[in-house]
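Here are my notes on this one, point by point. Have the model open while you read.

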Amino acid sequence: MKHWAVRLSVLFIIILVARQPDIELDHQGKTISYKGLVQPTDYTGVTNATCTADRLTKVAHPFIENTIPAIEKAFELGADTVHLNIHATSDKKLAVFHDWTLDCRTNGEGITSEQSMAFLKTLDAGYGYRIGEEESVYPLRGQGVGLIPSLDEVLTRFPEQSFLLNMKTAGPEAIEVLSTHLNEMDPAQRSRLSFIGMQSISEAIAEKFPEQMTYSKEVGKRCLVKYIFMGWSRYYPASCANTTLVLPEQFGRILWGWPEQFAARAQQNGTEVYLYQKSQPYSKASDLREYGIGLFTGDMVGLAEQGNNTK
């Protein structure tokens, strides 16, 4: 008899949950442009040791990733936020650059974080980009001299735009450099920044600046595992709140209420959700911004050419 009572109670709860009205979206999904603008690249078999500048499939535009001209163009094409990579430098600046070393993309050598900002300014940021392996073509060589910017330069040049930052330099010294820069900003300036990347960086930022948006794969896993098991009840885990969730496209389909109700729940809890498409050409079929799911894309040019910017 007790078993039947339990079953009826569970059934009653499910019926009540099912009859709750849907949550309305607060806004459409937003767009993040990966590294400003990137060139079409073959990411097949890429590891942390791969020089992706060697893997261009063509040149789609004249811009070099993580530079001010590329950032400016991304915003012109309709990006809401631009993703950038940053490194702490030997003179305690924050340089906007992707790789741990200079050898792949530039005409310099050595570990990026062991160089001064002044030295990085002397390099050609487009030197190493290559199409083909045998008869190599270096289409951007000579066009990136002096284009590696500091984060201060970027934030001054774009005083109102939003940025998603990935701190590539690890360790307590790098965290201290980043914390010093954040401390020097007023709250309005900091509110334009969110962070993605290493768990150690996210934890350090969250501890010192609890209002700052942070995301890491570990945060995503903790959040989504709880949601997968409990989302049917409209429960939204605290670990999923007030953050940025970046999901592979195929993963979203197993989430309760995907796409619109999942996005609405996230927005109601201060979170923005994005599909991760950095290594793919833009595809209208997987653009879910009208359902509240943002687009994290490496192909802003393709998006703009197809006229699919919903801003």
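**Notes on the chain**

1. Contacts first. Of the contacts in the chain between residues at least 6 apart in sequence, 61% join residues at least 24 apart, a contact being heavy atoms within 4.5 Å. Bear in mind that this is a predicted model, where local features need pLDDT of at least 70, side-chain atom pairs count only at pLDDT 80 or more, and totals for chains, interfaces and linings use all residues. Residues are numbered from 1 along each chain as its sequence is written, and side-chain values use heavy atoms, with hydrogens and water left out.

2. Overall build. I get 11 helices and 9 strands, taken as DSSP runs (helices H or I, at least four residues; strands E, at least two) numbered from the N terminus. The radius of gyration is 21 Å, close to the 19 Å that the globule rule gives for 311 residues, so the chain is as compact as a globular protein of that length. That radius is taken over C-alpha atoms, and the rule is 2.2 Å times the number of residues to the power 0.38. The C-alpha trace spans about 80 × 40 × 35 Å along its principal axes.

3. Burial and charge. Buried residues make up 50% of the 311 (buried is under 20% relative accessible area, exposed over 50%, partly exposed in between, with a 1.4 Å probe and protein chains only). Side chains number 30 positive and 36 negative, and the centres of the two sets lie 8 Å apart. Lys and Arg count as positive and Asp and Glu as negative, leaving out His and the chain ends; each charge is placed at NZ of Lys, CZ of Arg, CG of Asp or CD of Glu.

4. Cores. Which residues touch the most other members of the largest nonpolar core? They are Phe 163 and Leu 178, in a set of 36 residues. Another core, of 25 residues, lies apart from it and includes Leu 247, Trp 258, Val 273 and Leu 275. A core here is a set of buried Ala, Val, Leu, Ile, Met, Phe, Trp, Tyr and Cys residues joined through side-chain atoms within 4.5 Å. Not counting residues up to four places away in sequence, Phe 163 has contacts that include Ile 71, Phe 75, Leu 84, Phe 158 and Leu 193.

5. Helix α7. In this helix (residues 199-208), Gln 199, Ile 201, Ser 202, Ala 204 and Ile 205 are buried. Their cover includes β4 (162-167), α5 (172-183), β5 (193-196), β6 (213-215) and α8 (217-230).

6. The loop between β1 and α2. Arg 55 sits in this loop and is buried, at 19% relative accessible area. Its contacts beyond four places in sequence include Asp 42, Tyr 43 and Arg 130. Lys 35 is in the loop between β1 and α2 as well; Lys 35 is buried at 2% and has a positive phi of about 55°.

7. Other backbone spots to check. Most residues other than glycine have a negative phi, and most peptide bonds are trans. Lys 92 has phi near 65°, lies between β2 and β3 and is exposed at 59%. The Trp 258 to Pro 259 bond is cis, with omega near -5°; Pro 259 falls in the loop between α9 and α10.
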